[in-house]
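Have a look at the model first, then work through the notes below.

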Amino acid sequence: MDGVASPVAAADQKKIVTGPHGFVLEDVPHLSDFIPDLPTFPNPLQFNPCYSAVKQYFVDVDDSVAQTIVVHKDSPRGRHFRRAGPPQKVYFQPDEVQACIVTCGGLCPGLNTVIRELVCGLYHMYGVTRVLGIEGGYRGFYARNTISLTPKSVNDIHKRGGTILGASRGGHDTSKIVDSIQDRGINQVYIIGGDGTQKGASVIFEEIRSRGLIVSVVGIPKTIDNDIPVIDKSFGFDTAVEEAQRAINAAHAEAESFDNGIGIVKLMGRYCGFIAMHSTLASRDVDCCLIPESPFYLEGTGGLFEYIENRLKEQGHFVLVIAEGAGQDLISESICPMDQRDASGNKLLQDVGLWIAQKIKDHFKQKKISINLKHIDPTYMIRAVPSNASDNVYCTLLAQSAIHGAMAGYTGFTVGPVNSKHAYIPFYRITESQNKVVITDRMWARLLSSTNQPSFMNRAKELRQAESFNSSSSLMNRSSSRIHCESFW
């Protein structure tokens, strides 16, 4: 296998397979789709003593994982994804594999565990000995040296936070990256990162396919916010929720120890509030949780200030958890909005923790009520810690599933659990939307019943309707004025 072949006319169409009773398989690309007559080889796992006790070595080619498992008796079978696992035939000889691993975007608990398990899985399961680490994110493909990764060199890295390879945002130059992949003879690329990184991986896959390279491109989804769609959750999320408890416990201790004590904890969650919601449910000491998906208001009947006042009268203290993306519309009303973005294209947010802390102080000062407020921001502590036991197990499964998929010749996919079964998911399904908290769902109702906070929904709806009415009236007035002027002239 020399690594290059003449590309076949590869349509950019999605691989959709349909079957009886409404069965739909959203399949992932395979090297044989655009490179014909590729040789196959017996999977070396059948000779691996670690798998000798396994009753069924290999997944069946027709195995699939259902996206929706709660159905009615007359429901169609619905959408499915290809089940992850060791194949009976592989498309790479182990001694011909030159793999590489890159980590991109922000930090997340479990990055080093995934790196470790990719290296050890390739070596111990398939006998692959050549694995390169790309330093510094996408930019490292063409601007940094690579490092050789061996089971010995990565043996204890899972005990550390961060990533031994370094990470960065931006730096995605598709042509330079694929040139580097081609020049180095790399034929398996493992890309660890969030939705932006997976979009970059998709572009790299398309360029590799257009060049006819025999290279598998595999994405491993990473986001501490848990905002990647389709999969059950992203690695590092459980650790983040567990670590957030320390900050919430500290805020509760501070608030409870003083008259009219208020503790505010700002957690990560740019566009979605999963960390804040799950941390609140796990704590049971939180009086109010504010997330980007649920609008809220400060003043008036049923507002946040009224709720805080009532809770202080009832119990003498108050604990608020707020996601970093919550209340940005309210901040823009009082602070000049920022129109800046980071290297990944994410909009830079105003600090909602400091803002709401000051708003609460101003409110109670105006009411001449003495409070003792503490604001805790554990953002970077949470994402920089090593992964916990649960995430370590999860990272192992992700890494091994990714390896099986690449060895089977699949490419252009992300791996992850769908209803607890690991599957191969096309890049476009991962990048087309974001996973968000559904505030009309039962999980959010569970949180409201835990905190006893107001939903803020009715008042927020009234405000939106009033804003819409005022906007429509303004447009009608402008239109009426224009017609009047036109008639006058």
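β5 and β17 pair in the antiparallel sense over two bridges, and in that pairing Arg82 sits opposite Tyr424 of β17. Keep in mind that the model is predicted: local features need pLDDT of at least 70, side-chain atom pairs count only at pLDDT 80 or more, and totals for chains, interfaces and linings use all residues. Residues are numbered from 1 along each chain as its sequence is written, and side-chain values use heavy atoms, with hydrogens and water left out.

**Around β5**

- Strands here are DSSP runs of E of at least two residues, helices are runs of H or I of at least four, and both are numbered from the N terminus.
- Two strands count as paired if DSSP finds at least two bridges between them.
- β5 (residues 78-83) also goes with β2 (residues 23-27), this time parallel, over three bridges; Val24 has Arg79 of β5 as its bridge partner.

- β17 (residues 421-426) runs antiparallel to β16 over six bridges, with Pro426 as the bridge partner of Phe413.
- The two strands make a hairpin with two residues between them, and Asn419 in the turn has a positive phi of about 55°.
- β11 (residues 216-221) joins β16 through two bridges, running parallel, and Val218 stands opposite Phe413.

**The four-stranded sheet**

- The order is β13-β14-β12-β15 in an open sheet of four strands, with parallel pairing.
- β13 (288-290) and β15 (372-376) are at the edges with a single partner strand each, so one side of each has no neighbour in the sheet.
- From one strand to the next, the twist averages 15°.
- β12 (residues 261-267) and β15 are linked by five bridges, with Val265 opposite Ile376.
- α8 (residues 304-315) lies across β12, β13 and β14 (317-323), at about 145° to β14.

**Helix pairs**

- Axes are lines fitted to C-alpha atoms, for helices over the stretch in contact, and angles run from 0 to 180 degrees between N-to-C directions.
- α4 (residues 174-183) and α5 (residues 195-211) pack at about 60°, axes 10 Å apart.
- α4 and α5 are therefore oblique to each other (under 35 degrees is roughly parallel, over 145 roughly antiparallel, 65 to 115 roughly perpendicular and the rest oblique).
- Their contact (heavy atoms within 4.5 Å) involves residues including Ile177, Val178 and Ile181 of α4 and Val203, Ile204 and Ile208 of α5.
- By class, the α4 and α5 contact has six nonpolar, three polar and three charged residues (Ala, Val, Leu, Ile, Met, Phe, Trp, Tyr, Cys and Pro are nonpolar, Asp, Glu, Lys and Arg charged, and the others, Gly among them, polar).
- α6 (residues 237-256) and α7 (residues 274-283) pack at about 60° with axes 9 Å apart, which makes α6 oblique to α7.
- Among the residues that meet are Phe237 and Ile248 in α6 and Phe274 and His278 in α7; the α6 and α7 contact has eight nonpolar, four polar and no charged residues.
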